[in-house]
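Please look over the sequence and the model shown here before reading on.

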Amino acid sequence: MNERLSDLEIHYMHLERTVQELNTIVCRQQQTIERLEQELRDIKNQFLAVVPSLVTPPEEEPPPPHY
């Protein structure tokens, strides 16, 4: 019984360490995702500042030449 309890405690400790390691990895990944999202927003804003719109709304389109 004592040996079995000891084995369970050891197993629990390994699981606890694994959970902590995974938590650290997930936190770093979340930080990376947030940084990449911000960089994407910045690039999009820079692009829109250089080229305001490559697609004009249909109501602003000039009529085709055959009209």
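What follows is a short briefing on this predicted model, arranged by topic.

**Overall form**
- The secondary structure of the protein amounts to 1 helix and 0 strands, and the radius of gyration is 28 Å, well over the 11 Å that the globule rule gives for 67 residues, so the protein is more spread out than a compact globule.
- When the C-alpha trace is followed along its principal axes, the protein spans about 90 × 25 × 10 Å.

**Surface and charge**
- Of the 67 residues in the protein, 0% count as buried, and the protein exposes about 6800 Å², of which carbon and sulfur atoms supply 61%.
- The protein carries 6 positive and 12 negative side chains, and the centres of these two sets lie 6 Å apart.

**Salt bridges**
- A search of the whole structure finds 2 salt bridges, and each is described in turn below.
- In one of them, the side chains of R17 and E21 meet at 3.7 Å, counted from N to O; both residues belong to helix α1, which covers residues 2-50, and they sit 4 residues apart, about one turn of the helix.
- R17 is partly exposed, with a relative accessible area of 48%, and E21 is also partly exposed, with a value of 45%.
- The side chains of E39 and R35 likewise meet in a salt bridge, at 3.0 Å from N to O, and because these residues are 4 residues apart in helix α1, about one helical turn separates them.
- E39 is partly exposed, with a relative accessible area of 36%, while R35 is partly exposed at 44%.

How values were computed
Residues numbered from 1 in each chain as written. Predicted model: local features only at pLDDT ≥ 70, side-chain atom pairs only at ≥ 80, totals over all residues. Heavy atoms only, no water. Salt bridge = Lys/Arg side-chain N within 4 Å of Asp/Glu carboxyl O. Helix = DSSP H or I, 4+ residues; strand = E, 2+ residues; numbered from the N terminus. Buried < 20%, exposed > 50% of the residue type's maximum accessible area, 1.4 Å probe, protein only. Rg over C-alpha atoms; globule rule 2.2 N^0.38 Å. Areas by Shrake-Rupley, 256 points an atom, 1.4 Å probe, with all protein chains shown as cover. Lys, Arg positive; Asp, Glu negative; His and termini not counted. Charge placed at Lys NZ, Arg CZ, Asp CG, Glu CD.
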